[in-house]
Amino acid sequence: MHFSTLPPAYAPIGQPLICTLTEISSPSVDVRILLSSGRLLGTKRFVKTGSASFDLAPYLRGQLRVTPSAEGATGVVAATDRQLMVYLEAESDEELITSAPFILRPALQSETPTALLTTLPTERLLAPDESDELLFLSRTPQPLHVVVTGRDGSVTADTHIVPGSGLFRFTLRGADFATADHILIDGTPTGTIRYTMLPAPEGACRLAWLSERGSLEQYTFPLVERVACRVTKNRSYGAEGYTVQRAESEEQIQLRSALEGDEMLSALRGLLTAEQVWMRTAEGFVPIDVLSEEADIHRHGILSSLALTIRPTLKNTTLWSC
């Protein structure tokens, strides 16, 4: 027996990932799904069949948890934290075989062989104390030209290299360009991103989320409209009246974006569907829960803003004091 069909390299786990085992001669066979670490995700048993096909994707969803970092200098690194390496074992009474390992991405859609994976527009703002990240799916080495226009009109350029096949992330750290007015990241032919350097408003809130393309997107909400505390109490009633047995608090923060066009608002709606979202604090990025379930992303003829309500992932904790 052998695996005749396996998912292609860097296939998205949000789509069906069909695997096929053929030439089965035993009455039954067990197929084990494992991560590269050896951790078993699941086992499927097939009985009285010469070949068997199954979808791998349900076993993988939710298996990759990203941890964004506010640290790190400007440059390119391998995005090993944005991928899963998986392999299969098939065991019958007569033999044991192991598939070649294959790499998968936490995304919803397939991509062209060389692509800049992002959902945000190409025109962006970046504060001097912020960082942004660009994710590349590459098949061959590719240069990234960083062209910096200073506030005095000077122009400097530097080149970073996406070294070859695989997933790579380019970090742009605002603090590395203290005198910049604009920064152009030219990744032709995959894409070009232009940053305008602008300090964030006082009290602004920066969120990060894992997008449907597997990229880590970031956006700074300039306005915190409201901070509320909701309390749930478990009470008992006796001879002395009501007694609080337990009280739990939940902080909720309502944010509002800047006035944006349809392209940016459409990208920000990814915050509503993202399974992993973080808020940047003085201690780094902390996970949050997005409560909002709907948002306006288009109003004819005018710019609009997106309102979003978030809360900590744990009760009895606070984000606002951070």
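This is a predicted model: local features need pLDDT of at least 70, side-chain atom pairs count only at pLDDT 80 or more; totals for chains, interfaces and linings use all residues.
Which element gives the most to the lining of the largest pocket?

The secondary structure comes to 25 strands and three helices. Along the principal axes, the C-alpha atoms fill a box of roughly 80 × 70 × 40 Å.

Next, the contacts. Take those between residues at least 6 apart in sequence: 64% of them join residues at least 24 apart.

The chain exposes about 16500 Å². Carbon and sulfur atoms supply 50% of that area.

Now the largest pocket. Its volume is about 570 Å³. The lining is made of 24 residues. Closest to the pocket centre are Leu108, Leu210, Ser211, Glu212 and Thr273. By class, the lining holds nine nonpolar residues, nine polar residues and six charged residues.

Which elements each supply at least two residues of this lining? They are the strand β19 (205-210) and the helices α2 (262-268) and α3 (270-273). Leu210 falls in the range of β19, 205-210. Thr273 falls in the range of α3, 270-273.

That leaves the opening question. The answer is α2, which gives the most to the lining of the largest pocket, with three residues.

Note on methods
Residues are numbered from 1 along each chain as its sequence is written. Side-chain values use heavy atoms; hydrogens and water are left out. On a 1 Å grid over the protein atoms alone, a cavity is a set of points where a 1.4 Å probe fits but cannot get out, and a pocket is an open set with protein on both sides within 12 Å along at least five of seven lines; lining residues have an atom within 4 Å of a point. Grid points are joined across faces, edges and corners, and a volume is the space filled by probe spheres set on the points. Helices (H or I, at least four residues) and strands (E, at least two) are DSSP runs, numbered from the N terminus. Ala, Val, Leu, Ile, Met, Phe, Trp, Tyr, Cys and Pro count as nonpolar, Asp, Glu, Lys and Arg as charged, and the others, Gly among them, as polar. Contact means heavy atoms within 4.5 Å. Accessible areas come from the Shrake-Rupley method with a 1.4 Å probe; for residues, only the protein chains shown count as cover.
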